[in-house]
Amino acid sequence: MNNNVRLGIAVLALAGFGALIYNNYKTPEQVAASVTGDEPAGRAIVQITVPELTGQAAIGKRAFEAKCATCHGENAVGQVGVAPPLIHQIYRPGHHGDMAFLMAARNGVRSHHWKFGNMPPVEGITDAEVKSIVAYVRALQQANGIN
């Protein structure tokens, strides 16, 4: 196979991969546009697959339910009118690393990707709890193609 054919195959493969990512990635604006103004607050924003959880991720699920689910919804799917989904490309490890979750829990976050308003600090949460919550969120993300 000559170099031109190899290059052509590589370009086609890259274009296909790019199309796959583009078609499966919705920006916060696209997510917001898919939510109508008359939908009840609290409805899940995204639908996900929940994997079997073990170890740190299973511990993190319990901590998430106690400290985060009120706003971010069951299994971090977000809630219309309340808070964004954490199972979203915006929160992938390459964009929001694990330390971003710790800083958000400790200090709160000014609204910058979504229009839900600012997130306040999470009262009484420990670094160990955040670490386990991150393991849980990362397990959910991975099960849903977010790496």
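I take helix axes as lines fitted to C-alpha atoms over the stretch in contact, with angles running from 0 to 180 degrees between N-to-C directions. Helices are DSSP runs (H or I, at least four residues), numbered from the N terminus.

The model is predicted, and I kept to its limits: local features need pLDDT of at least 70, side-chain atom pairs count only at pLDDT 80 or more, and totals for chains, interfaces and linings use all residues. Residues are numbered from 1 along each chain as its sequence is written, and side-chain values use heavy atoms, with hydrogens and water left out.

**Entry: α5 and α6**

I looked up α5 (residues 98–107) against α6 (residues 127–143) and found an angle of about 130°, with the axes 10 Å apart. For the contact (heavy atoms within 4.5 Å), I noted Asp98, Phe101, Leu102, Ala105 and Arg106 in α5, which meet Asp127, Val130, Val134, Val137 and Arg138 in α6. I sorted the residues of this contact into six nonpolar, no polar and four charged, where Ala, Val, Leu, Ile, Met, Phe, Trp, Tyr, Cys and Pro count as nonpolar, Asp, Glu, Lys and Arg as charged, and the others, Gly among them, as polar.

**Entry: α3 and α6**

I then turned to α3 (55–67), whose axis comes within 7 Å of that of α6 and crosses that axis at roughly 110°. α3 and α6 are therefore roughly perpendicular to each other. Among the residues making the contact I listed Gln56, Ile59, Phe64 and Lys67 of α3, and Glu129, Ile133, Tyr136 and Ala139 of α6. By class, I recorded nine nonpolar, three polar and four charged residues in the contact of α3 with α6.

Note on methods: Helices (H or I, at least four residues) and strands (E, at least two) are DSSP runs, numbered from the N terminus. Angles under 35 degrees count as roughly parallel, over 145 as roughly antiparallel, 65 to 115 as roughly perpendicular and the rest as oblique.
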